[in-house]
Amino acid sequence: MKKTYLLFASALMLAFASCDTTRQMQDDETRTPVMATTTGPTPTGAVMSKGGLRVFAFDDSQKYPESQLRLNTPPANGVVQPGPVEFSYELSNFQLTRMTPHSNSEFMANSQEGQHIHNIVDNEPYTAHYETSFTKEMEEGEHVVLSFISRSYHESLKHRGAYDLRMVTVGRPQQRMEFDMKGQHMFYSRPKGEYVGSDTRRIMLDFYLVNTDLSTTGNKVRATINGNEFVLDKWMPHIIEGLPMGETTIKLELINNAGAVIPGPYNSVTRTITLKES
């Protein structure tokens, strides 16, 4: 009887050990997407996985709540001549060309020239500027100009006063552009261009919202990355991991809670970036 009891106890202990090992392996598999991002931006909320990609929001960057930006020239609704147009900004409580003092700069593409201003005309790819005055070629027509402050690793500052949006007329355009300054708008910022070497491990996705925000019960951004759809309900920068070398296509859409694209000239945009090993 004693021998039978000992055999039963041994078998029971082996079964518990096996179950514990299996459970530990399952837990490790579940945690893998989060553990893979412990060196770099800290995920805010869930890590979304699909098609070999991992996407998550982060909100742990250096904050600059006092920083303010204003575009002095060209003036709002002003008229300028085609060609090189002078841009001049008033900037306070923010230092251009400074490296953003946060470890996130070590784990994603980071400008070696430091903090800067993103200047976006008609939602075309932005130009980065490290001084408050510069000239930029502009063609005849009516143009929407968005400017905002950027950290050295291209993450935008999103508080009120950190951006400037205006219409500018260049030359004497034959047609008027209809743009509702009070409407809900999304502008594309990152990713952009080519990523090489270690910069390909984590690609930052960042966009700019005007007159709206995102929530689980309100507007959202639908990001389709190489055919894989992710719905973002936080206006925060996001990290994309697992992208293959070569071309990647990213489509961003500002949608309402029912999934319909909100009317606006820039609320659906598609861009292509390239990843290279070296």
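In the predicted model, the largest nonpolar core comprises 57 residues, of which F187, F207 and L252 touch the most other members; a nonpolar core is here a set of buried Ala, Val, Leu, Ile, Met, Phe, Trp, Tyr and Cys residues joined through side-chain atoms within 4.5 Å, with buried taken as under 20% relative accessible area, exposed as over 50% and partly exposed as in between (1.4 Å probe, protein chains only). Strand β13 (residues 202-210) supplies the largest share of this core, namely six residues, where strands (E, at least two residues) and helices (H or I, at least four) are DSSP runs numbered from the N terminus. Apart from this core lies another, of seven residues, among them F56, F58, Y153 and I239. When neighbours within four places in sequence are left aside, F187 is in contact (heavy atoms within 4.5 Å) with N123, V144, L146, L165, F179, F207, Y208, V210 and Y266.

Because the model is predicted, local features need pLDDT of at least 70 and side-chain atom pairs count only at pLDDT 80 or more, whereas totals for chains, interfaces and linings use all residues. Residues are numbered from 1 along each chain as its sequence is written, and side-chain values use heavy atoms, with hydrogens and water left out.

The protein chain contains one helix and 18 strands, and 46% of its 278 residues count as buried. Among contacts between residues at least 6 apart in sequence, 67% join residues at least 24 apart.

Grid points are joined across faces, edges and corners, and a volume is the space filled by probe spheres set on the points. The largest pocket has a volume of about 230 Å³ and is lined by 14 residues, of which D59, K63, R151, E155 and K158 lie nearest its centre. This lining divides into six nonpolar, three polar and five charged residues, with Ala, Val, Leu, Ile, Met, Phe, Trp, Tyr, Cys and Pro counted as nonpolar, Asp, Glu, Lys and Arg as charged, and the others, Gly among them, as polar. The second largest pocket holds about 160 Å³, and its lining is formed by V121, E124, P125, T127, K136, E137, M138, E139 and H143; strand β8 (residues 133-138) gives the most to this lining, with three residues.

One cavity of 30 Å³ or more is found in the whole structure, and the largest cavity holds about 40 Å³. Its lining consists of M108, A109, Y153, H154, R190, Y195, R202, I203 and M204, to which β13 gives the most, with three residues.

Two loop residues were examined individually. S152, in the loop between β9 (141-150) and β10 (163-170), is buried, with a relative accessible area of 0%. The side chain of S152 makes a polar contact with the side chain of N110 (2.8 Å), such a contact being a pair of N or O atoms within 3.5 Å; within protein, one must be able to donate a hydrogen and the other to accept it, and residues adjacent in sequence count only if both atoms are side-chain atoms. G171, in the loop between β10 and β11 (185-190), is likewise buried, with a relative accessible area of 12%.

Terms used. 1 Å grid on protein atoms, 1.4 Å probe; cavity = no way out; pocket = protein on both sides within 12 Å on 5 of 7 lines; lining within 4 Å.
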